[in-house]
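Keep the sequence and the 3D view at hand as you read.

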Amino acid sequence: MQLVINALIAGSLAALIAGGLALVYGVLGVFNLALGQMVLVGGYATWWLYQSLALPLVVSVFGGVMIGAIVAWCAFEVFVAPFYKRHRFLPLVTTIALSMMIDGVLLLLFEARPRSILANAKTIVALGDARISLEQMFLIAITFILLCLCAYVLHSTVIGRRIRAVVQNDHAAMSLGINAPLLHRMIFIVSGMLAALGGVFIGIDQNLTPTLAFPITIKAYAAIIAGGKGNLWGAIICAYLIALIEQMVVGIEWFGAFYVPAGYQQSVALLFIILFLLFKPSGLFMLKNRSA
Amino acid sequence: MKRASLLGIFFILLSACTGGESDNGPIKIGYIGPLTGDAAAYGVDTLNGVKMAIEERNAAGGVNGRMVELAVEDGRCTGADAASAAQKLVSVDRVTAIIGGQCSGETLAAAPITEAAETLLLSPLSSSPDVTEAGDFVFRNYPSDALKTKAMAKYFAEKGWKRVAMLSENTDFAMAFRAALTENLGKEAVVFDEVVEPGTKDFRTLALRLKDVSFDVFFPNAQGDAVMAAMVEQMRDQGLTQPMVTHDVGDSMTLVDLIPEAVSGMQVINVPSAGEGGEFETKYRAKFGDAQSTIAFAAHAYDAANVLMDSIAKVGTSGPRLRDALYDLPEHRGIVGRFSFNADGDVVGIPYVLKEFRDGKIVKVKDIAVD
């Protein structure tokens, strides 16, 4: 029970971040390697608004996500938009440059010491023999709501239909009057906001350090590759799946005899993904076309 | 390794062009420490300590009339970066001596290079027992964990804590501490012993497993305070109420900022909080603001720089003569106390104290004697 909750906490965080990444890849075909840094931007911005400017928490979180959106927008205009039409791998390089810049700026602005958005002890709730904090329940619930919202927008609204049209063929979609570049921009900003929200959760549940970014990016990529590149739901399911495997690896007494040493937690989870891809190289949920 | 050796050749070629050192120009001292990365807080504090000592010395006329210059390199708390940093300082900057590294991994990786160049390496912060054997030119004014783990084992025995649970981060410092403590406690006393990858922050499932283990004391063995905060908080979140005792890393006010309630009551066995509340701290704050980890780290670095400059004033800049001067040093009166060096280059005269987190402060509980 506690194991599943632990996996839900870690998985929700990963799903938020990987979901945004999968959207961007699915719609634009672009790899964003500054994703982890965008996560930190959201987290640190919220920390700054809440701790230094002493704004109320809700306002700070909203502000943090907005700052994340603005950074994502600027990043899109400067580092992605001029390049991705020429070749969709170009942003791979430009976003690496962006990630290094953001790393430097964060270190300069917020110093190397770790920061926590909510320092006070969390309110722990006991569910049977499992324990979870209110904040973590929020995290799980908000992620769930956002994912449902995404599903609704994608599958039941005009915008969603346009997005899916752009995914299938952006030139054809444009000839029918759909403003594909605008949709691209929107999708990129939404992914930045989801990432920023992920950063807020990290800042509340654990703490923020300037070096967190790269491991976050790696995990998100593992999820979208395992889920079938560009498949939003596949990425999200895989984010939860990887989290669950990670928790099970160290949390279960295997064959009643031994625990896997905790140092192998991530390796075993990724090994599982590799083995899986060997047998089904297209990923868990690959469809015929790229899809969002 | 290949990259490091190529770099080395490159630097040697470069240095061949720079010409020899003059006798009345500035004296160059190198610094290696983590200025970026998870351990950057230590780097910033110790670098500021060194800078402060050098500025004061230069303001007072320098060392025998010569100004002291500092060449700073980022070791990032990793062996690879520290090795190329040492290579550069030795070959390109041609420093007289190096203050560093801070992380034990840095010092251990830099030591073979400085050893070959007969350049003094003086670490203000590395505590791994392996540093004792690292070389003839390697010194430190921070005590070895071989002693601290002894002090810790003794304290556990005193309290009647027979079953110890520990959680270690896979870094040179933490792993050496784990090995030394296990040796001092005896293998059977360690009832839970897990090692996680550096930077791990999700310990919830390990905490869950720990609930099924009966233990008397928990020892969070992390390399930096960000990871330690996650360990301590998630253990407490799971309702584990056993006492916690840790080492230097826990001696950080950052923990109070991060997890004020969870950390309350945790005990720390460390060197005394040297410099705290005194003139040194006032001067430090005026220049650099609050220490990022603890003022004691800056104090150790400040003393290291001073003991080095005192020795240069006495015997000049030759590596072997500086080495002998440090071995023969009767006593240095610094911020951290009176200390000297033994035949291994380890510091003698720095005591240990037991501290505890109480009401958002770290207070001294008592001295701990090690024999």
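1. Before we start on the pairing of strands, one definition: two strands pair if DSSP finds at least two bridges between them. Please also bear in mind that this is a predicted model.

2. With that in hand, look at chain B, residues 27-33 and 68-74. These are strands S1 and S2 of chain B, which run parallel and are joined by 7 bridges.

3. Along its principal axes, the C-alpha trace of chain B spans about 65 × 45 × 35 Å. A compact globule with 371 residues would have a radius of gyration near 21 Å, and the value for chain B, 21 Å, agrees with this. Buried residues account for 56% of the 371 residues. Of the contacts in chain B with a separation of 6 or more, 68% come from residues 24 or more positions apart.

4. Chain B is also divided into two domains: domain 1 covers 2-143 + 276-348, and domain 2 covers 145-270. Their C-alpha centres lie 30 Å apart. Where the domains meet, 13 residues of domain 1 of chain B are in contact with 19 residues of domain 2 of chain B. The domain 1 side of this contact divides into 5 nonpolar, 6 polar and 2 charged residues.

5. Now turn to chain A, which has 11 helices and 2 strands. Read along the sequence, the pattern is α-α-α-α-β-β-α-α-α-α-α-α-α. The radius of gyration of chain A is 19 Å, close to the 19 Å that the globule rule gives for 292 residues, so chain A is as compact as a globular protein of that length. The C-alpha trace of chain A spans about 60 × 50 × 35 Å along its principal axes, and 50% of the 292 residues are buried.

6. The strands of chain A are worth a visit. S1(A) (124-127) and S2(A) (residues 130-133) run antiparallel, with 4 bridges joining them. They form a hairpin with 2 residues between them, and A:Gly128 in the turn has a positive phi of about 65°. A:Leu127 stands opposite A:Ala130.

7. Is A:Leu118 buried, exposed or partly exposed? A residue is buried if 20 or more other C-beta atoms lie within 10 Å of its own, and exposed if 12 or fewer do. A:Leu118 has 16 such neighbours, so it counts as partly exposed. Its place is in the loop between helix H4 (90-110) and strand S1 of chain A. Leaving aside residues up to four places away in sequence, A:Leu118 touches A:Glu135 and A:Ile204. For a sense of distance, the C-alpha atoms of A:Leu118 and A:Thr95, 23 residues apart along the chain, are separated by 31 Å.

8. Finally, see how the two chains meet. The contact takes 34 residues from chain B and 29 residues from chain A. On the chain B side, the elements that give two or more residues are H2, strand S7 (190-196), helix H7 (204-210), helix H8 (225-237) and helix H9 (254-258). That side divides into 14 nonpolar, 9 polar and 11 charged residues.

Conventions. Residues numbered from 1 in each chain as written. Chains lettered and ligands numbered in written order. Predicted model: local features only at pLDDT ≥ 70, side-chain atom pairs only at ≥ 80, totals over all residues. Contact = placed C-beta atoms within 7 Å. Nonpolar A, V, L, I, M, F, W, Y, C, P; charged D, E, K, R; others polar. Rg over C-alpha atoms; globule rule 2.2 N^0.38 Å. Domains from an automatic or database assignment.
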